[in-house]
Amino acid sequence: MSDFEQTLREGLATLAREAVPDAPAGSNDLAELQWEPKRRRGVTRVLLAAAAVVVIVGVAGLVISRHQSSGRKGVVATVPPQTTTAAPTTTPTTLEPPDASNPAAGTCLSTTGGVVTVTIGSPDNVPNPRCAMVHADQRVGVVNVGATAANITIGRHFMARVPAHGGYTFTDAVGGYLAPGVHYLKFSPLSHAEILVANP
Amino acid sequence: MLSGMAVASGPRWPDGLVELYRAERTKLVRTAFLICGSVAAAEDAVHDALPRVAARWDALQNGRAYLYTAVVNAARDAARRSRRSVSFGETGPVSDDPAQISEESMHLQRALARLPERQRTAIVLRYFADWDDDEIAQQLGARLATVRSLIHRGVARMREEMER
């Protein structure tokens, strides 16, 4: 091995060590990661198929009803308006529905403590973590390591402007506003982090 | 004691993978970082690879090799995505906390970032991860001669970049 190759070997080791310092003891634990195989795809397909059948049957019924009405001379078609009435729920809620039911990231970082922090603004525009599991009583904080301020939103309630090299922590816990499921923490037109709101 | 390894809504991680992850996580992230140039993306690469490895764990003869292969693949994907979204070679150091990186290491990272992705991966696997030519050839899906050429040209280019 040449001198340069030896220098290269040592340089790579130093660079890697400086960029990724040794983790504190106990932090290399898989307990912080959620293994979420995408196994609900079949269920989703069944639900979508059922919804499609309901829509087709409804449209067909409407067409047949109109056809029959128009066939009677001098009779004004009186097709009842197609209205959808939400079934009353026992626990009225204003929680925002999730953007997705499963995280695309595959794994979601689960952390304890009151605030779950997501870092944005890296040059590759990839948030860290890409998916964070947040419990109803936890709040979301955002650290912006980028050189420009970022407007962030999670649904309609959580909106903030995070300055460059700054941070922002929402004052409200997610459970009061976001339904369980995956909500997008949007911070740029091209990228978002996933906030997996856990079931209570 | 593996308490807490499985979350309530997910299956249990294979015990062997838990041990392997504990032992290798830092080196996995470092390897991925050198390939893709971002600590955040490197951590994601490791996290993304884990479920794939876990899903096949029982059938694997060499779990460690498979884990490294999965992480390197994910890091290469991240590097290619990064190149599409920003000009990788012109951004300089892309570590999440450049303040902790010495000037000498920044210089090395800039040189590394200017290499084509396959050349960079070959250099990292040889000189950081200590893989031999056969293993690198398998990883890259290339012939041995191609790997040797990639490394030879990569070293030459690194030398040029470093002497600038």
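Predicted model: local features only at pLDDT ≥ 70, side-chain atom pairs only at ≥ 80, totals over all residues.
Residues are numbered from 1 along each chain as its sequence is written, chains are lettered from A and ligands numbered from 1 in the order in which they are written, and side-chain values use heavy atoms, with hydrogens and water left out.

**Entry on the disulfide**

I found that the structure holds 1 disulfide over all chains. The link of A:Cys108 and A:Cys131 is right-handed, with 65° about the S-S bond. The pair links distant parts of chain A, since A:Cys108 lies in strand β2 (residues 107–110) and A:Cys131 in strand β4 (residues 131–134), 23 residues apart.

I then checked accessibility, where buried means under 20% relative accessible area, exposed over 50% and partly exposed in between, with a 1.4 Å probe and protein chains only. A:Cys108 is buried at 1%, A:Cys131 is buried at 2%, and B:Cys36 also counts as buried, at 3%.

**Entry on a sheet in chain A**

I traced an open sheet of 3 strands in chain A, with the order β3-β5-β8 and mixed pairing; two strands pair if DSSP finds at least two bridges between them. β3 (115–120) and β8 (166–169) stand at the edges with a single partner strand each, so one side of each is left without a neighbour in the sheet. β3(A) and β5 (residues 139–144) of chain A run parallel and are joined by 6 bridges, and the bridge partner of A:Ile120 in β5(A) is A:Asn144.

In strand β8 of chain A I looked at A:Thr169, which is partly exposed with a relative accessible area of 36%. Its C-alpha atom is separated by 7.7 Å from that of A:Val115, 54 residues away along the chain. Not counting residues up to four places away in sequence, A:Thr169 touches A:Val115, A:Arg139, A:Val140 and A:Gly141, where contact means heavy atoms within 4.5 Å.

**Entry on chain B and the cores**

I counted 7 helices and 0 strands in chain B. Of its 164 residues, 57% count as buried, and residues 24 or more positions apart account for 61% of the contacts with a separation of 6 or more.

Which residues touch the most other members of the largest nonpolar core? Of its 62 residues, these are A:Leu8, A:Leu12, B:Leu34 and B:Ile123, a nonpolar core being a set of buried Ala, Val, Leu, Ile, Met, Phe, Trp, Tyr and Cys residues joined through side-chain atoms within 4.5 Å. Elements that each supply at least two residues of this core include α1 (3–19) of chain A and α1 (15–36) of chain B, and α1(B) gives the most, with 11 residues.

Leaving aside neighbours within four places in sequence, I listed the contacts of B:Ile123, which include A:Leu8, A:Leu12, B:Leu112 and B:Phe128. Apart from this core lies another, of 21 residues, among them A:Ile120, A:Val134, A:Ala150 and A:Phe187.

Technical notes
Disulfide = S-S within 2.5 Å. Helix = DSSP H or I, 4+ residues; strand = E, 2+ residues; numbered from the N terminus.
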